[in-house]
Amino acid sequence: MKVNVDQSKCQGHAQCNANAPEVYQLDDDGYIAFDGDIDIAPGNEDAARRGAAACPERVLTVIE
């Protein structure tokens, strides 16, 4: 499983990190720290889905 991150859409709401800090890291300014695809570690799939669903800007796209 992967998550595609479109960092250019991030508005710094940090809901991804609030719901799944083990998956979504923030930079020093509070924006998602990744751009492109994140490989999700086994066991973190549910957290990745939860964090992606919480993003109001739809920055994160889950790729099963």
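Me: What should I know before I start?
Reply: This is a predicted model, where local features need pLDDT of at least 70, side-chain atom pairs count only at pLDDT 80 or more, and totals for chains, interfaces and linings use all residues. Residues are numbered from 1 along each chain as its sequence is written, and side-chain values use heavy atoms, with hydrogens and water left out.

Me: How many helices and strands are there, and in what pattern?
Reply: Helices (H or I, at least four residues) and strands (E, at least two) are DSSP runs, numbered from the N terminus. Here there are 2 helices and 3 strands. Along the sequence they run β-α-β-α-β. The radius of gyration is 10 Å, close to the 11 Å from the globule rule for 64 residues, so the protein is as compact as a globular protein of that length. That radius is taken over C-alpha atoms, and the rule is 2.2 Å times the number of residues to the power 0.38.

Me: What share of the residues is buried?
Reply: Buried means under 20% relative accessible area, exposed over 50%, and partly exposed in between (1.4 Å probe, protein chains only). In this protein, buried residues are 28% of the 64.

Me: Which contacts does a residue such as A48 make?
Reply: Contact means heavy atoms within 4.5 Å. A48 sits in helix 2 (residues 45-54). A48 is buried, at 0% relative accessible area. Beyond its neighbours within four places in sequence, A48 touches M1, V3, V23, Y24, I40 and V62. A48 and P21 are 27 residues apart in sequence, yet their C-alpha atoms are 9.3 Å apart.

Me: Where is C16, and is it buried or exposed?
Reply: C16 belongs to helix 1 (residues 15-19). C16 counts as buried, at 9% relative accessibility. Leaving aside neighbours within four places, its contacts are P21, Y24, L26, I32, G51 and L60. C16 and R50 are 34 residues apart in sequence and 7.7 Å apart from C-alpha to C-alpha.

Me: What fraction of contacts spans at least 24 residues?
Reply: Take contacts between residues at least 6 apart in sequence: 66% of them join residues at least 24 apart.

Me: How many positive and negative side chains are there?
Reply: Lys and Arg count as positive and Asp and Glu as negative; His and the chain ends are not counted. The protein has 5 positive and 12 negative side chains, with the centres of the two sets 8 Å apart. Each charge is placed at NZ of Lys, CZ of Arg, CG of Asp or CD of Glu.

Me: How many salt bridges are there?
Reply: A salt bridge is a side-chain nitrogen of Lys or Arg within 4 Å of a carboxyl oxygen of Asp or Glu. The structure holds 4. One of them joins K2 and D39, at 3.6 Å from N to O. K2 is in strand 1 (residues 2-5) and D39 in strand 2 (residues 36-39), so the pair ties together parts 37 residues apart in sequence. K2 is partly exposed at 35%, and D39 is exposed at 58%.

Me: Which residues are linked in a network?
Reply: D46, R49 and E64 are linked by salt bridges. R49 and D46 have their closest N and O atoms 3.0 Å apart. These two are 3 residues apart in helix 2, about one helical turn. R49 also bridges to E64, at 3.0 Å from N to O. That pair links distant parts of the chain: R49 in helix 2 and E64 in the segment after strand 3 (60-63), 15 residues apart. R49 is partly exposed at 32%. D46 is exposed at 54%, and E64 is exposed at 67%.
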